[in-house]
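Welcome, and thanks for opening your viewer. Please load the model and get ready to select a few parts of it in turn.

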Amino acid sequence: PPPPFNPGEPYASSTKLVENIKSSLKRVLSFSNASALFMLSKEHAGLLLKYAEILKARCPPPEGPIKPDKPFVYRINKTDEKTLCRVVCTAEYCIDTIPGLENVFKQRIRDDYKEKVDYNSLCEVYHDLVAFGMNILAVGEIYRMKDMFEQMRSVNWATDIVVGDVNDHVKQMLKVFVDCIPRIRTTMSAAYFQNFCNKIITVFLEQFLNTIWKLGRVSKTGGAQLLMDLNGIKEFLVKMPNVKLPEGKDPIQLGKAYFRFLDLKIGRVENILKLIIAEDASIEDMFEQLLPDATPKEKDSILILKGLKLGVPVPIKDLGDKMKASSEETANKIKVGAEETMRNVKSSFNTMGGNLRNAFGEILSGNIFQEGSDHGSQHNSASGGQRRDLKSVATGITASMAFKKPSSAPAATPGKK
């Protein structure tokens, strides 16, 4: 019968694979330390790469249709949880074993082949596999909180709120951690387990913040209660890695990096909630102090939660000065524009006056109104540069007045009135 399933141990296939690699290495070393040994190292690298693909295929697939703009959703049960833990544990075993195999090859192979033996890319493949398995595990555990997040969204945060203890739906979320963390803790080394804690905290707080964005209107009282909930979450996450630790077992020593990471992730959500309950008049300054790297989308989302129109409002204390400055600027623009207009008008009238005098001089001299063909021929024999018809006179007048003659106007016939 197969050995009992223990998610804290690597798959037996991984240990057998390493044993076979060592056995074949001994056989080849008995007759060669050059090209045959180098070819064997390449074969072993291919086997280890194929084994990583087999381990990855054991992970549960995402749920539902995959959309490019949406994160993957994983619904996992306890069996999936054990499988993922064992995949991570096996990948961790391979990461620890592969450098030793590489060193054995380099120690025994001929010098001109040593630089060609390189298993670093193999280690990267198994590191990626650890990250892949941890991500599915973290997303799957947080998905178990789906109903709690739906309950959080169903609350009317604008009116139906009285600040008090941590909300029940938050307490239910924390119970999911209490349930899964002790099991997962037994399957990983302390370093890998702390990485997993960072991952599940990141996924959880992203989901918590995404739910806040969807709450609609949030009053100051509602924002205060959300801060109360967040404070309860922070107090739990500080001690989460050692939750339900068996009696007599040494606690996991959490370094400063874990607490800095937690403060960074919690601090951003906390600052967003502080902006939601901030006074409207000081919101612009508060953005600079609490969330200087906020994206335009985040700013708009915060204003919507506050019930304000999109765009950062002008603080009340600066409103009078801004209105006064705006009025003075407008008055100066009007003054400059009026002076420019008067200069243009004066210039136009001077030009128009000259054109009118020339035009009416020709009218009075009889150069335009000619009677009969004889008079027309006599006039044509005169200087051509002084000939004017009614169209040219009208054009001169309208041009001086800056009027644009419509393109559809019928052309005048030369020689006619």
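pLDDT is the predictor's confidence in each residue, from 0 to 100. You will want it at hand, as this is a predicted model.

**Stop 1: colour by confidence.** The protein chain has a mean pLDDT of 79, with 72% of its residues at 70 or more. Now select helix 5, which has the highest mean pLDDT among the elements of the chain, 96. Then jump to helix 14 (residues 372–381), where the mean is the lowest, 42.

Next, select residues 355–417: here pLDDT stays under 50, and the model has 30 contacts beyond four places in sequence.

**Stop 2: a pair of helices.** Select helix 3 (residues 78–108) together with helix 7 (residues 168–185); they pack at an angle of about 35°, and their axes are 11 Å apart. The crossing of helix 3 past helix 7 is right-handed. To see the contact, show Lys78, Glu81 and Cys85 from helix 3, and Cys180, Arg183 and Ile184 from helix 7. By class, these contact residues are 3 nonpolar and 3 charged, with no polar ones.

**Stop 3: the largest pocket.** Which residues lie nearest the centre of the largest pocket? Select Pro71, Phe72, Val73, Gln207 and Asn210 to find them, out of 31 residues in the lining. The space in this pocket is about 1200 Å³. Helix 5 (120–143), helix 6 (146–154), helix 8 (190–213) and helix 12 (296–306) each give two or more residues to the lining. Helix 8 provides the largest share, 7 residues. Colour the lining by class and you will find 13 nonpolar, 7 polar and 11 charged residues.

How values were computed: Residues are numbered from 1 along each chain as its sequence is written. This is a predicted model: local features need pLDDT of at least 70, side-chain atom pairs count only at pLDDT 80 or more; totals for chains, interfaces and linings use all residues. Side-chain values use heavy atoms; hydrogens and water are left out. On a 1 Å grid over the protein atoms alone, a cavity is a set of points where a 1.4 Å probe fits but cannot get out, and a pocket is an open set with protein on both sides within 12 Å along at least five of seven lines; lining residues have an atom within 4 Å of a point. Grid points are joined across faces, edges and corners, and a volume is the space filled by probe spheres set on the points. Helices (H or I, at least four residues) and strands (E, at least two) are DSSP runs, numbered from the N terminus. Ala, Val, Leu, Ile, Met, Phe, Trp, Tyr, Cys and Pro count as nonpolar, Asp, Glu, Lys and Arg as charged, and the others, Gly among them, as polar. Axes are lines fitted to C-alpha atoms, for helices over the stretch in contact, and angles run from 0 to 180 degrees between N-to-C directions. A crossing is left-handed if the near helix is turned anticlockwise from the far one by less than a right angle, and right-handed if clockwise. Contact means heavy atoms within 4.5 Å.
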